[in-house]
Amino acid sequence: MSKWKFPVQKGLMEKNAGVYYQNMTSSDVEERLKKNDVILIPVGSTENHGAGAPYGEDTYLDTRICEQIALATGCTVAQPVWYGSHPYHHLGMPGTIMIPEEILADYLCYMFAGFWNTGFRKMIVVNGHGQDYVIPLAIHKFGKKFQVPGVILYLHFWNAARNPNTLFSDLETKDKGGIYETPFIHADEVEQSYARALFPELCRPEESVATKPAPLLPSGNINNSAESGEGPIKWYNAYGSVGMECICSPEGVIGDPKKADPEHARAGIEHVLDYLEKLVNDIIKTYPAGKLPPAEKMTQRSKEEIDAVIKGPTHGGRHIYTIAY
Ligand SMILES: [Zn+2]
């Protein structure tokens with residue numbers, strides 16, 4: 001029996017549960033930072049997922065996962081980023097709110113700076129939406145701009161949906177020994193199974209519609225959304241490989257969410273939760289609250305400057321923006 005509980009019945013975004021940063025006070029945060037200075041940053045999207053699932057699906061997938069990790073480990077969760085970047089083939093799709101990638105990368109970079117300046121200097125971005133080409137940009141931009149010690153990791157959570165011993169993906173189709181009939185693309189059998197396990201109250205399976213994918217190149221070249229399929233080229237390293245959504249599948253779905261079953265998501269969600277829990281605990285074991293990776297190995301800024309920003313502006317030091325803004 002797993003310790004994780006789902007279907008999850010309600011979220012904690014507006015609850016005083018000691019989970020979300022925005023629901024805490026300055027004294028709450030001061031106490032939290034003494035015990036656990038890891039913050040999970042859910043980065044979602046507002047995207048058409050068809051008639052059977054809400055526009056916020058990609059955000060709720062993140063937040064429901066992060067909430068359970070905070071309760072299990074004592075880390076903190078930032079309120080999510082609701083608007084994200086979308087690949088070219090989603091351009092023009094009604095209901096999908098598209099933020100340019102440079103703007104999103106900048107936005108994330110300055111979120112990292114603000115949380116670093118507050119004392120959350122170990123950050124894990126949790127994302128399950130197809131914006132993999134943006135988040136690394138934000139991380140490296142932060143690193144190069146500020147050059148301060150800390151940890152920022154990005155988990156595309158679908159990649160953790162695998163058996164940790166065999167590395168067999170929980171997203172695999174039946175013909176490859178998995179549980180699903182159809183491969184994971186978008187708002188389909190796989191994604192809808194996860195949605196119905198994590199936020200069933202916002203899903204309307206009875207209204208789900210199915211569509212067919214519109215590939216423009218032979219299979220075996222371009223990998224799928226969760227990188228669990230075939231082909232050495234990741235889906236976001238491709239243009240001209242798939243038809244535009246608003247032309248080919250205006251229903252907002254690519255696949256068949258009618259085949260979804262929340263029970264089929266159970267093993268995958270448990271593996272994601274197990275992994276994220278281990279990751280947070282690994283970070284805290286290696287660098288307990290208040291401790292950082294060795295500054296002399298991470299930066300060539302002067303010791304005086306680094307010591308001052310680590311102390312922070314309200315404890316006799318300086319704020320991070322004395323370095324850059
Ligand atoms: Zn989605």
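Met123 stands opposite Ile152 in S4, and that pairing is a handy way into this predicted model. Residues are counted from 1 along each chain, in the order its sequence is written. Because the model is predicted, local features need pLDDT of at least 70 and side-chain atom pairs count only at pLDDT 80 or more, while totals for chains, interfaces and linings use all residues.

Strand S3 covers residues 122-127; strands here are DSSP E runs of at least two residues and helices are H or I runs of at least four, numbered from the N terminus. On one side, S3 runs parallel to strand S4 (residues 151-156), with 6 bridges joining them; strands pair if DSSP finds at least two bridges between them. S3 also pairs with strand S1 (residues 38-43), again in the parallel sense and over 6 bridges. There, Pro42 has Val126 of S3 as its bridge partner.

What about burial in S3? 6 of the 6 residues are buried, so the strand is largely enclosed by the rest of the structure. Buried means 20 or more other C-beta atoms within 10 Å of the residue's own, with C-beta atoms placed from the backbone. Lys122, Ile124 and Val126 point one way, and Met123, Val125 and Asn127 the other. Across the protein, 42% of the 325 residues count as buried.

S3, helix H4 (residues 135-146) and S4 form a right-handed β-α-β unit: with the strands pointing away from the viewer, the path from the first strand over the helix to the second runs clockwise. Overall, the protein has 9 helices and 4 strands, and its C-alpha trace spans about 60 × 45 × 35 Å along the principal axes.

Methods:
Buried ≥ 20, exposed ≤ 12 C-beta atoms within 10 Å, placed from the backbone.
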